[in-house]
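These are my notebook entries on a structure I went through on screen, written down in the order in which I looked things up.

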Amino acid sequence: MNTNVDTHLGTPAPAGADPSSRTESHSSTTAGADANASPDSKPSFNRFLIPIVTFALIAVVLAVGIKHSGDVGVIHSPLIGKPAPAWNLPLLADASRMIGSKNLQGRWYVLNVWGTWCYACRDEQPALLAIAHSSPIPIIGVDWRDDDAQARNWLAQLGDPYATVATDHDGHMAIDWGVYGAPETFLVNPAGLVVFKQIGAMTPEVWRREFLSRLPAELAGRSS
Amino acid sequence: MRGLRASSARTRALGLEARRWPARAWAAFTPLVVTLLLWSAAPALAVDPAQMPNPQLEARYVTLIHEFRCPVCQNETLADSNEDVAGEVRRQIRTMLLAGKSDDQIRDYLVSRYSEFILFKPEYSLRNAWLWLLPVVLLALGIIVALRIIRARAALVDQDDQIVDTGESATRG
């Protein structure tokens with residue numbers, strides 16, 4: 001029995017331990033790399049090292065994957081910190097008049113992309129109304145890929161949180177801003193830079209955590 | 001055995017007989033098969049009939065829409081997708097082509113709006129080099145481990161005769 005070698009990958013006992021505890025090892029099909037080692041030689045680390053390194057590698061890959069699993073389907077906007085793309089769109093109230101980045105230069109504004117076809121937009125409407133009520137920051141609505149009459153009807157029924165609503169019928173502006181779903185809400189600073197983008201419905205919590213924290217104290221209503 | 005029983009229970013639950021189906025049963029599936037086949041043809045029609053003024057632009061357009069991902073679908077190119085957003089991005093590409101923009105300008109534009117996510121084939125960079133290198137590394141590791149196991153096992157077989165003669169009887173007896 002002593003000539004038998006401890007080759008069982010799953011056997012934690014060091015080579016040279018009580019042979020009777022390893023009677024099955026010679027029928028093993030999972031022989032390790034150090035099969036030639038005699039019981040007297042020092043225990044090889046390979047047979048532990050390889051599984052441990054493999055395990056660590058897999059663990060790291062999976063951990064990174066799990067950490068980012070919440071991001072599936074979320075496209076982080078490359079526009080953050082960059083100048084907001086110039087835009088100019090007709091008003092919902094009066095299609096002969098336009099509004100765009102030129103009119104809003106030098107001031108903070110929130111740009112909310114919505115549509116009457118979008119369910120989450122209905123959900124966020126109360127939050128937007130509350131923000132409009134409590135904050136001096138204008139919320140500019142961009143009615144995306146929508147019917148004007150339906151949009152007016154929606155605002156009449158649910159309330160209108162917007163300082164102005166522009167219409168983007170063909171999605172030209174939405175694509176230019178990297179919008180891929182509604183609602184999406186941007187925060188633009190007086191220098192015309194995109195400061196933040198919320199993907200999905202606005203909530204009072206998101207407003208406090210992501211928007212107010214980025215606004216100057218006097219606009220955020222913080223006593224400093 | 002347990003697996004077999006479970007699967008036959010499942011067939012029963014689906015109302016399907018585990019026995020051979022008569023020819024009539026197959027005939028009943030023909031409309032379904034035809035529907036599925038026609039359905040699979042739908043993506044081919046997703047590409048809107050692009051009206052480009054010349055074949056060169058048309059060819060560039062078709063190439064480009066196959067290079068970008070539909071923003072709201074993980075595994076479809078702009079060309080394959082029926083999503084409204086995909087249509088709008090396609091139209092944006094058409095507009096830029098007609099405005100005389102180069103393919104690189106269009107690519108940079110889309111990446112600056114939608115990040116590298118929009119690229120159906122990610123760009124090779126230091127940051128995502130592991131995407132390309134990991135399979136090679138894993139394959140090499142696998143080969144090394146396999147070789148060592150094979151060698152070790154070969155060595156074991158040589159000694160097995162002696163072990164069975166001496167060790168087995170000693171421990172069992």
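Entry one, a helix pair in chain B. I began with the crossing of α4(B) and α5(B), which is right-handed; the model is a predicted one, and I read everything below with that in mind. I noted that α4 of chain B covers residues 55-65 and α5 of chain B residues 84-98, and that their axes come within 10 Å and cross at roughly 145°. I then listed who makes the contact: B:L57, B:R60, B:Y61, B:L64 and B:I65 stand on the α4(B) side, while B:R90, B:I93, B:R94 and B:L97 stand on the α5(B) side.

Entry two, helix α6 of chain B. I checked the length of α6(B), residues 103-114, against expectation: twelve residues at 1.5 Å a residue should span 16 Å, and the end C-alpha atoms are 16 Å apart, so the two agree. I next asked which residues of α6(B) are buried, and the answer was B:I106, B:L110, B:R113 and B:Y114. Looking down the axis of α6(B), I saw that these buried residues fall within an arc of 75°, and therefore they line one face of the helix. This recalls the general point that an α-helix has 3.6 residues a turn, so residues three or four places apart point the same way. On the other side of α6(B) I found B:D104 and B:D108, both exposed. The buried residues of α6(B) pack against α4 and α5 of chain B, and also against α5 (172-176) of chain A. Just after α6(B), I marked B:S115 for its positive phi of about 65°.

I counted seven helices and seven strands in chain A, and from the N terminus on I wrote their order as α-β-β-α-β-α-β-α-β-α-β-β-α-α. Of the 224 residues in chain A, 32% are buried. Among the contacts in chain A with a separation of 6 or more, 64% come from residues 24 or more positions apart.

Is A:K102 buried or exposed? I placed A:K102 in helix α2 (residues 101-104) of chain A, and classed A:K102 as exposed because 11 other C-beta atoms lie within 10 Å, where the cut-off for exposed is 12 or fewer. Finally, I noted that A:K102 and A:G192 lie 90 residues apart in sequence, while their C-alpha atoms are 9.6 Å apart in space.

How values were computed: Residues are numbered from 1 along each chain as its sequence is written. Chains are lettered from A and ligands numbered from 1 in the order in which they are written. This is a predicted model: local features need pLDDT of at least 70, side-chain atom pairs count only at pLDDT 80 or more; totals for chains, interfaces and linings use all residues. Axes are lines fitted to C-alpha atoms, for helices over the stretch in contact, and angles run from 0 to 180 degrees between N-to-C directions. Helices (H or I, at least four residues) and strands (E, at least two) are DSSP runs, numbered from the N terminus. A crossing is left-handed if the near helix is turned anticlockwise from the far one by less than a right angle, and right-handed if clockwise. Two residues are in contact if their C-beta atoms, placed from the backbone, lie within 7 Å. A residue is buried if 20 or more other C-beta atoms lie within 10 Å of its own, exposed if 12 or fewer, and partly exposed in between; C-beta atoms are placed from the backbone. The expected span of a helix is 1.5 Å times one less than its number of residues. The arc is that of the directions from the helix axis to the C-beta atoms.
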